[in-house]
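Trainee: Hi! Could we go through this one together, step by step?
Mentor: Happy to. Have a look at it here, and then ask away.

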Amino acid sequence: MAKVGILMGSQSDWEVMQNAARQLKEFGIEYEAKVISAHRAPDLLVQYIKDAEARGVECFIAGAGAAAHLAGVVASKTTLPVLGVPMPSKYLQGMDSLLSTVQMPKGIPVATFAIGEAGAANAGLFAVSMLAANDIRLADALRAFRKKQADAIAATVLPAI
């Protein structure tokens with residue numbers, strides 16, 4: 001059974017990161033959601049990554065704001081895919097988070113998504129896509145999800161003026 005580790009720098013990030021969890025849940029993918037700050041608890045983070053791999057976690061979704069080093073630290077400690085979600089921030093509206101997440105040094109990749117809820121949801125869907133490469137059930141479910149979206153757009157009728 002596929003499993004994803006969802007990490008966030010603080011409890012307040014859950015409001016955004018639960019969008020990733022919802023996508024995983026919709027596809028029947030197990031996840032672990034944890035608050036572990038890369039700055040305030042680095043040893044705990046390293047131990048969690050090691051333990052998560054042993055428990056069968058196949059990728060990580062990491063959301064953090066401001067300096068937003070969480071995804072990068074996770075990526076530096078594992079060879080599993082890391083998906084970064086920048087959190088909206090009070091003063092710079094998440095641009096600080098985005099730049100901190102996307103500007104990884106060569107050799108330590110982090111797939112970075114949009115700031116906030118859309119980014120978290122898309123990180124969840126991207127994890128589904130990665131896991132679907134080796135799981136026909138997930139691949140079929142993902143195709144059905146995409147068809148449902150397309151059908152909804154095709155059925156859209158605008159009101160007359």
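Mentor: One term before we start: two residues are in contact when they have heavy atoms within 4.5 Å of each other. Keep in mind, too, that this is a predicted model.
Trainee: Got it. What do the buried residues of α3 pack against?
Mentor: They pack against β1, α2 (42–54), β3, β4 and α4 (95–102).
Trainee: And which residues in helix α3 are buried?
Mentor: Helix α3 covers residues 70–77, and L70, A71, G72, V74 and A75 are buried there.
Trainee: Is there a reason they come in that kind of spacing, or what is the general rule for helices?
Mentor: The general rule is that an α-helix has 3.6 residues a turn, so residues three or four places apart point the same way.
Trainee: Nice. Let's look at α2. Is I49 buried or exposed?
Mentor: I49, which sits in helix α2, has a relative accessible area of 1%, and buried means under 20%, so I49 is buried.
Trainee: What does I49 touch?
Mentor: Setting aside residues up to four places away in sequence, I49 touches F60, V74, K77 and T78. V74 is one of the buried residues of α3.
Trainee: How far is I49 from V73?
Mentor: They are 24 residues apart in sequence, and their C-alpha atoms are 10 Å apart in space.
Trainee: Okay, new topic. How many residues are in the largest nonpolar core?
Mentor: It has 28 residues, and V4, I29 and I61 have the most contacts inside it. The elements giving two or more residues to this core are β1 (3–8), α1 (14–26), β3 (59–64), β4 (82–86), α5 (117–132) and α6 (136–154).
Trainee: Which element gives the largest share?
Mentor: That is α5, with 7 residues. There is also another core apart from this one, with 18 residues, among them L45, V57, V74 and A75.
Trainee: Why would nonpolar side chains be buried together?
Mentor: In soluble globular proteins, that is simply how nonpolar side chains tend to be found.
Trainee: Tell me about V4, then. Where does it lie?
Mentor: V4 lies in strand β1, and V4 is buried, with a relative accessible area of 0%. Leaving out neighbours within four places in sequence, the contacts of V4 include L24, I29, I61, A127 and L131.
Trainee: Last one: is Q93 buried or exposed?
Mentor: Q93 has 55% relative accessibility, so Q93 counts as exposed. Q93 is in the loop between β4 and α4, and has a positive phi of about 55° although it is not a glycine.

Technical notes:
Residues numbered from 1 in each chain as written. Predicted model: local features only at pLDDT ≥ 70, side-chain atom pairs only at ≥ 80, totals over all residues. Heavy atoms only, no water. Core = buried A, V, L, I, M, F, W, Y, C linked by side-chain atoms within 4.5 Å. Buried < 20%, exposed > 50% of the residue type's maximum accessible area, 1.4 Å probe, protein only. Helix = DSSP H or I, 4+ residues; strand = E, 2+ residues; numbered from the N terminus.
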